Amino acid sequence: MTRWIEETFHPHWRVRLKADKVLHEVKTEHQHLVIFDNETWGRVLMLDGVCQLTTSDEFVYHEMMAHVPLMALSKPRRVLVIGGGDGGVLREVLKHPTVEKATLCEIDRSVVDLSLKFYPEIAGGSLEDPRTDLVIADGLKYVAGTRERFDAIIVDSSEPIGPSAVLHTPEFFAACKRALKEGGVLVTQNGLPFLFPDHLAGTTKAFARLFKAVAPYLCTQPCYFGGPFALNWASDDADLLDISTKKLQRRQEKRGIETRYWTPAVHGAAFALPRYVEQVVLGAIAEASRQLAPARKPSRRKPSTA
Ligand code: SAM
């Protein structure tokens, strides 16, 4: 009998994916995990009833999480990826030749091992790269305790439920700020603004209290049902958002990086928010500003498209 696997994250509606073959299903130390094949989406990973990735469209999210911060930085050397045990973000990070060391901090060893077993092409050899430092730990504990300092911290977490809930808190963001080098960039996944505007507002407010520049950006992730997907950006170096399309083009050529979604133009356009999203963001920044001393007003600057 054919099994249909449901996404159980949305309170008032469900998505069901046909499981042509269930390859592995287990309750790990941290979460429920199932990996299965689907004719349309390819191989699918679901954690706690939420679609995390599919082999058919993972490139969208992984490229936008890695290349938007790293292409904006002139020489990213030290990068921390929190979550992302499938290795997809790490794969894209290691395409940048200036990266000397990339730390992957994932809480659930099973995600790493099972991802390598059932869809090794997503990590694409990144876990065997000599620049990779794999740490199995809770991201909050790791970032709060590390002495290392990073040019970029990329938080490829699941939704704010289960083990991932701590990765969407002001406490965690403050710990990330402490672990960033001066002018470093923090990027987090920030959910679906149309369905969960409070998720975006909460992170944006926390960022606006901590950083000089806050700039959510969007991508279209087909398997995240519910409209554009938000990623959030924070840094004390607001000029990083003023990078031109021409400069991004030169950087991509110089670094020899192939992509399937990210382009210099997409980079700039991703920060142009539809009105309903912009209102959530500006409302959150205004609220943070009210709570901050006048001298410390955060900016939301859009990148120039010159
Ligand atoms: N792209 C997906 C999304 O947006 O839903 C996320 C994919 S990635 C597989 C999420 C990873 O975060 C999972 O492997 C999960 O085990 C890991 N994770 C959850 N909570 C964590 C924590 N507190 N510290 C480190 N990793 C965590």
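How do the residues of the lining of the largest cavity divide into nonpolar, polar and charged? Keep that in mind while you set up the view. The model is predicted.

**Stop 1: the largest cavity**

Start with the voids. The structure holds 2 cavities of 30 Å³ or more. The largest has a volume of about 440 Å³. Select Gln52, Asp156, Ser157, Ser158 and Glu159: of the 39 lining residues, these are the closest to the cavity's centre. Next, colour the elements that give two or more residues to this lining: β5 (42-47), β6 (50-54), α1, β7 (78-83) and β8 (101-106). Now the opening question. The lining divides into 20 nonpolar, 13 polar and 6 charged residues.

**Stop 2: the second largest cavity**

Select Gln31, Leu47, Asp48, Val50, Gln52, Ser158, Glu159, Ile161 and Pro163. They line the second largest cavity. About 50 Å³ of space lies inside. The lining here splits into 4 nonpolar, 3 polar and 2 charged residues. Keep Gln52, Ser158 and Glu159 highlighted. They belong to this lining, and they are also among the residues closest to the centre of the largest cavity.

**Stop 3: where α1 meets α8**

Show helix α1 (residues 58-72) and helix α8 (residues 245-255). Their axes come within 10 Å and cross at roughly 105 degrees. An angle from 65 to 115 degrees counts as roughly perpendicular, so α1 and α8 are roughly perpendicular to each other. From α1, pick Leu70, Met71 and Ala72; from α8, pick Leu248, Arg251, Gln252 and Arg255. What is the make-up of this contact in nonpolar, polar and charged residues? The residues divide into 4 nonpolar, 1 polar and 2 charged.

**Stop 4: helix α3 and Ser115**

Move to helix α3 (residues 109-118). Select its buried residues: Val111, Val112, Leu114, Ser115 and Phe118. What do they pack against? Their partners are β3 (21-27), β4 (32-38), β5, β8, α4 (120-123) and β9 (132-136).

Zoom in on Ser115, which sits in α3. Is Ser115 buried or exposed? Buried means under 20% relative accessible area. Ser115 has 2% relative accessibility, so this serine counts as buried. Finish by showing the neighbours. Leaving aside residues up to four places away in sequence, Ser115 touches Gly85, Asp86, Ser110 and Pro120.

Technical notes:
Residues numbered from 1 in each chain as written. Predicted model: local features only at pLDDT ≥ 70, side-chain atom pairs only at ≥ 80, totals over all residues. Heavy atoms only, no water. Axes fitted to C-alpha atoms, helices over the stretch in contact; angles between N-to-C directions. Helix = DSSP H or I, 4+ residues; strand = E, 2+ residues; numbered from the N terminus. Parallel < 35°, antiparallel > 145°, perpendicular 65-115°, else oblique. Contact = heavy atoms within 4.5 Å. Nonpolar A, V, L, I, M, F, W, Y, C, P; charged D, E, K, R; others polar. 1 Å grid on protein atoms, 1.4 Å probe; cavity = no way out; pocket = protein on both sides within 12 Å on 5 of 7 lines; lining within 4 Å. Points joined across faces, edges and corners; volume = space filled by probe spheres on them. Buried < 20%, exposed > 50% of the residue type's maximum accessible area, 1.4 Å probe, protein only.
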